[in-house]
Amino acid sequence: MAEKKLLRALKGEVMDVPPAWMMRQAGRYLPEYRATRAKAGDFLSLCYNPELAAEVTLQPIRRFAFDGAILFADILLVPQALGADLWFVTGEGPRLSPIDTEEKIDALKPVDAVHETLNPIYQTLRILSGELPDDVTLIGFAGAPWTVATYMVAGRGTPDQAPAHALKDGNRAAFDRLMDRITGATVEYLSQQIEAGAEVVKVFDSWAGSLKGQDFHQYALKPAQRIVSELKARHPEIPVIAFPREAGDGYIGFAKATGADCVAIDNSVDADWAAAHVQVDGCVQGNLAPHHMVKGGQDLVDEVRRIRAAFAKGPHIFNLGHGITPDADPDNVALMLETLRS
Ligand code: CP3
């Protein structure tokens, strides 16, 4: 069998029609997802149910023929596996028992204890390995340490990540131990995902954009570099996609500095700019604004064509700049792929 398109792009191949998948492609905009989610009960029960998690991972593949299938799970399972309480409030988002003092940081479980909690996730990947069509790439993922830390310290999502910044600036030694623990756990987690069948892994740093200057270097770039190098030491063949969302100029040189095979870019940067400054170093992923999946129409068609053309001279994986939203229309996803592939 010929090598999968998504893996070829990650090796640097330039293709006429780039491979495509979508962040949050398994989600509430799909009626079949909502039905399976209702059957599972709450969101976390779905994440920890390997049969149903595999089912929702496959739903968008059946419907749209994406080139990549991303494991259905969540970045906040790692803090839970390290000992934080985690629950989701419907309509609001995640809640955790805040890990905001030295005592609580030092009481977290050791990094190799995470598998005890995360074993069902590896089972989901084993099921998917057997069930995915031959041309679809299986993508594993984890949150980047800074983004995970922002939820752990605050105990919830925050608009400005202020609690994590306060701990970082107020007790740097303790914050560094927290980052170190999350980074180690992330390497363990991604490594087991690969053992279970993930062919690519992606590291989501959704709040990288709130780190400035030296902090960006210390808490976005360096952890990514450590994760990539430790994974490459264990699994040299497995590509890594880094997503330092809203990094702005920080995207420049990020792949080179971290050793990542691909940098995913959000939709706040222009595709032509990213082609000139980021794609010069290798594969990029992105960056259609998710609102086009709500609106559709000629704007969507024009944007897909513009982005494809902007990245046509280098390796590219077509994706959104952030996750698809629950109010998106599945017909617009079909239109996006039809436009891309015609
Ligand atoms: O992309 C995929 O389809 C794979 C699965 C996936 C989910 N979350 C499922 C999910 C992935 C890769 C994530 C990553 C994730 N989770 C991130 C990083 C990417 C990003 O969006 O910035 C973050 C920050 C989280 C934490 C998280 N999980 C939040 C803040 C929320 C609540 C917001 C929301 O959309 O409801 C979640 C819940 C969540 N994760 C849902 C899904 C499908 C919705 C839960 C539901 O079904 O009710």
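For the feature "binding site", UniProt lists R24, Q25, A26, G27, R28, D74, Y151, S206 and H322 in an unreviewed entry (positions are in the numbering used here, feature names are shortened, and annotations may be inferred rather than shown by experiment). These positions span 299 residues in sequence, and their farthest two C-alpha atoms are 22.6 Å apart, so they do not all gather at one spot. The model is predicted: local features need pLDDT of at least 70 and side-chain atom pairs count only at pLDDT 80 or more, whereas totals for chains, interfaces and linings use all residues. Residues are numbered from 1 along each chain as its sequence is written.

Of the listed positions, A26 is found in the loop between α1 (5-10) and α2 (31-40), helices (H or I, at least four residues) and strands (E, at least two) being DSSP runs numbered from the N terminus. A26 counts as buried, with 25 C-beta neighbours inside 10 Å; a residue is buried if 20 or more other C-beta atoms lie within 10 Å of its own, exposed if 12 or fewer, and partly exposed in between, with C-beta atoms placed from the backbone. Residues up to four places away in sequence not being counted, A26 touches Y33, V56, T57, Q59, P60 and F72, where contact requires C-beta atoms, placed from the backbone, to lie within 7 Å. G27 lies in the loop between α1 and α2 and is buried, with 20 other C-beta atoms within 10 Å; its contacts, leaving aside neighbours within four places in sequence, are Y33, I324 and P326.

Strand β5 (residues 200-205) is largely enclosed by the rest of the structure, because six of its six residues are buried. V200, K202 and F204 point one way from β5, while V201, V203 and D205 point the other way. Five bridges join β5 to strand β4 (residues 137-143), in a parallel arrangement, and G140 stands opposite V201; two strands pair if DSSP finds at least two bridges between them. Five bridges also join β5 to strand β6 (residues 240-244), which run parallel.

Helix α7 (residues 114-131) has 18 residues, which at 1.5 Å a residue should span 26 Å, and its end C-alpha atoms are 26 Å apart, in agreement (the expected span is 1.5 Å times one less than the number of residues). The buried residues of α7 are V114, L118, I121, Y122, T124, L125 and L128, and these pack against α4 (50-64), β1 (68-70), α5 (77-81), β4 and α10 (172-195).

Definitions and conventions
Two residues are in contact if their C-beta atoms, placed from the backbone, lie within 7 Å.
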